[in-house]
Each structure stands twice: as C-alpha cells, then as structure tokens.
Amino acid sequence: MDIQKRNQVLIVEDEDHIRRFISINLANNGFEVSEAAYGEEAMRSFQANRHHVVVLDIMLPDMDGFEICRRIREEDPEVIIIFLTASGQDMNKIKGLEIGADDYIVKPFNPLELVARIKAVLRRTEVSFKPPIQVLHSGPIRMDMRSNIVFKHDEPVELTPKEFHMVRAFLEHPNTALSRDELLNLVWGEDFIGDPKTVDVHIRKLREKLEDDSSNPHWIETVWGLGYRWRKDE
C-alpha cells in the first residue's frame, strides 16, 4: 500500500445525511474522503483511487456490502474495511468478519468512535511486517515467511492477512494456551477495540482450511474457559 494513500478513505453509504456526516468528521480529522452511494459507484471509485480504508454499509440499493467487500479484497487484500451494521444484526457482524472485514461499527454511532477505530487500525498497520527469512514447521503445516505463504502437505493454503498472522502467532508459541486477549494483541494489536468474537470466527475458518477434520481439530485445540492452543507433536 502506497504510504501516501494511508489517509484516503472511501465512504459507501446510500443515506445522504449519514454519508455527509461521516465525511465531514473524517475530513476534520485529516482524512482525504471520497463518497459513494451505490455499490457500482463504490467499485469505480476504488479502482480509480485505491483508497486505504473503506467504510462500508451492508445495505445498499444495487448490491450488498458483502459483495463489495469480496470484490475489493480480490483486488487488494491489504485494504482496511470497516462495516457499518444495524443494531442487533449479529449474523451480519459475523459474516462480515468471515469474509475479511477488519472491524465493524454499529449504527447509530458517535462519529468520533469511527475516527478512533480507523486510527487504531492504521496504527496497527503503520509499520510493514517484514519477517526474518525463515520457515516455521509443525507437522504437515509449513509457513514460509519469505513469501508469506502457508503450506499444508506442500500445497499452498489461501489465507487472509489476519489468518496468516494468527497461524504465525500459533507456530511461534506452540503447545502454549493463548487467551483470546493474547491472540487479539498478537494479531490485531494492543489497541484493538472491536469484538473479541472475531478470534472465534477466524479460528473456525482456520480449522476449515488447515485441519483434516474441522469438527475434530488436531492442531488448533480449544482450551475451555481461556482460548486456544496450537498442538505441536514432538
């Protein structure tokens, strides 16, 4: 991501007063803001400008925010996506996290909270992750940090950036029970202010990708009442 574009935000919201309210508050906090009221308009704007942050409403007239999120992720897996969800729509929150959202905020919200969330994510990604040249192994799982690819039985596994960093956290702390808070700190950063349930969502997706039987996991064990542990066989 071009460092010069880190303050560029695309707001995708079909309600004019909400969109303008968000835009004004972000502009007042030093962000360069673009606006879109429709999905296709949002995609054209993103393709032309490659914004670093996308604030994305789920309910739009021509396509839902989930589809926009998928399309943006295909073009740029590093873009920061924050969903706007209605109060009580827990399944939308979970679905958004599963398809790659970095965070979500529930309507109605204080615009200063949105500003704080964006700044928090930007701080977590301010320094590019440059892992040492090395490879981590555990059973059939191999993480090549030169190419940022995880392999299972020498076949590459398609992971999101957050999933990759979670696997790294596990492989660097094998046979160690990690609480949800510890995983949040290791993967999302100490200033993460979203829902801790995001850990459980990412664990479920990782089990589907890495385990032979996700319903009976061998590598990613649940530590009841605490969190999760990566089992490394001796």
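**Entry 1: the helices.** I kept in mind that this is a predicted model. I started with helix α2, residues 39–49, and helix α3, residues 65–75. Their axes come within 11 Å and cross at roughly 15°. Angles under 35 degrees count as roughly parallel, so α2 is roughly parallel to α3. I also looked up the handedness: α2 passes α3 in a right-handed crossing.

**Entry 2: who touches whom.** Which residues of α2 meet α3? I found Gly39, Glu40, Met43, Phe46 and Gln47 on the α2 side. Across from them, α3 brings Ile68, Arg71, Ile72 and Glu75. Sorted by class, I got four nonpolar, two polar and three charged residues in this contact.

**Entry 3: strand β3.** Next I turned to β3, residues 53–57. Is the strand mostly covered or mostly open? I noted it as mostly covered, with five of its five residues buried. Then I checked which way they point. Val53, Val55 and Asp57 go one way, Val54 and Leu56 go the other way, and all are buried. A reminder to myself: in a regular strand the side chains alternate between the two faces of the sheet.

**Entry 4: the strand's partners.** I looked up what pairs with β3. Strand β1, residues 8–12, pairs with β3 in the parallel sense over four bridges. One detail I wrote down is that Val12 has Leu56 in β3 as its bridge partner. Strand β4, residues 80–86, also runs parallel to β3, and five bridges join the two. There I found Val53 opposite Ile80 in β4.

Conventions: Residues are numbered from 1 along each chain as its sequence is written. This is a predicted model: local features need pLDDT of at least 70, side-chain atom pairs count only at pLDDT 80 or more; totals for chains, interfaces and linings use all residues. Side-chain values use heavy atoms; hydrogens and water are left out. Axes are lines fitted to C-alpha atoms, for helices over the stretch in contact, and angles run from 0 to 180 degrees between N-to-C directions. Angles under 35 degrees count as roughly parallel, over 145 as roughly antiparallel, 65 to 115 as roughly perpendicular and the rest as oblique. A crossing is left-handed if the near helix is turned anticlockwise from the far one by less than a right angle, and right-handed if clockwise. Contact means heavy atoms within 4.5 Å. Ala, Val, Leu, Ile, Met, Phe, Trp, Tyr, Cys and Pro count as nonpolar, Asp, Glu, Lys and Arg as charged, and the others, Gly among them, as polar. Buried means under 20% relative accessible area, exposed over 50%, partly exposed in between (1.4 Å probe, protein chains only). Two strands pair if DSSP finds at least two bridges between them.
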